[in-house]
Amino acid sequence: MSQPEYQTIAQAADVPTNGSKLVVVDGRELLICSSRDEIHVVENKCSHQDQPLDGGRVRNGYIFCPVHGMRFKLATGEAIGQLTRVPLCVFDSRIVGGEVQVRLEAPAS
Ligand code: FES
């Protein structure tokens, strides 16, 4: 099966530094996070209890879940804390011409 194409989901300038921007793509909520001059795109769903990560603090390459405070590494989704070891869903993303582009995996069949 071929790889899905990258698609533009936002302008990089619209993502606040040390912050995040929520977008909905194909019915999925994606959280674009900006930290350390890098952009990462994760699913807006905490791997602990599936709560939204939107509004969580973004610092030094991590996002903190606003519900119970778990910390996740934005680059890999790695969970840091006692509540879960399940990583966040992180999407392959890139910046092209000031646009944030993401490659969503094909729907599970
Ligand atoms: S729902 Fe995110 S840490 Fe519990």
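Arg71 stands opposite Ile80 in β8. Before I go on, this is a predicted model: local features need pLDDT of at least 70, side-chain atom pairs count only at pLDDT 80 or more, and totals for chains, interfaces and linings use all residues. Residues are numbered from 1 along each chain as its sequence is written.

Now the strands around that pair. β7 covers residues 71–73, and β7 pairs with β8 in the antiparallel sense over two bridges. A strand here is a DSSP run of E, at least two residues, numbered from the N terminus. Two strands count as paired if DSSP finds at least two bridges between them. β7 and β8 belong to an open sheet of four strands, in the order β5-β6-β7-β8, with antiparallel pairing. Its edge strands are β5 (58–59) and β8 (79–80), and each pairs on one side only.

Leaving aside neighbours within four places in sequence, Phe72 is in contact with Tyr62, Ile63, Gly77, Glu78, Ala79, Ile80 and Leu88. Contact means that the C-beta atoms, placed from the backbone, lie within 7 Å.

Next, the other pairings. β4 (residues 38–43) and β9 (residues 90–96) pair in the antiparallel sense over two bridges. Val42 stands opposite Val90 in β9. β9 also pairs with β10 (residues 99–103), again antiparallel, over five bridges. There, Asp92 stands opposite Arg103 in β10. β9 and β10 make a hairpin with two residues between them, and Gly97 in the turn has a positive phi of about 55°.

Buried takes 20 or more other C-beta atoms within 10 Å, exposed takes 12 or fewer, and partly exposed is in between; C-beta atoms are placed from the backbone. Beyond four places in sequence, Ser93 is in contact with Ile39, His40, Val41, Val100, Gln101 and Val102. The C-alpha atoms of Ser93 and Leu104 are separated by 8.9 Å, eleven residues apart along the chain.

Last, the core. A nonpolar core is a set of buried Ala, Val, Leu, Ile, Met, Phe, Trp, Tyr and Cys residues joined through C-beta atoms within 7 Å. The largest one has 20 residues, and Leu31, Ile32, Cys33, Val42, Leu53, Ile63 and Phe72 touch the most other members. β3 (28–35), β4 and β10 each supply at least two residues of this core. β3 gives the most, with four residues.

Note on methods. Contact = placed C-beta atoms within 7 Å.
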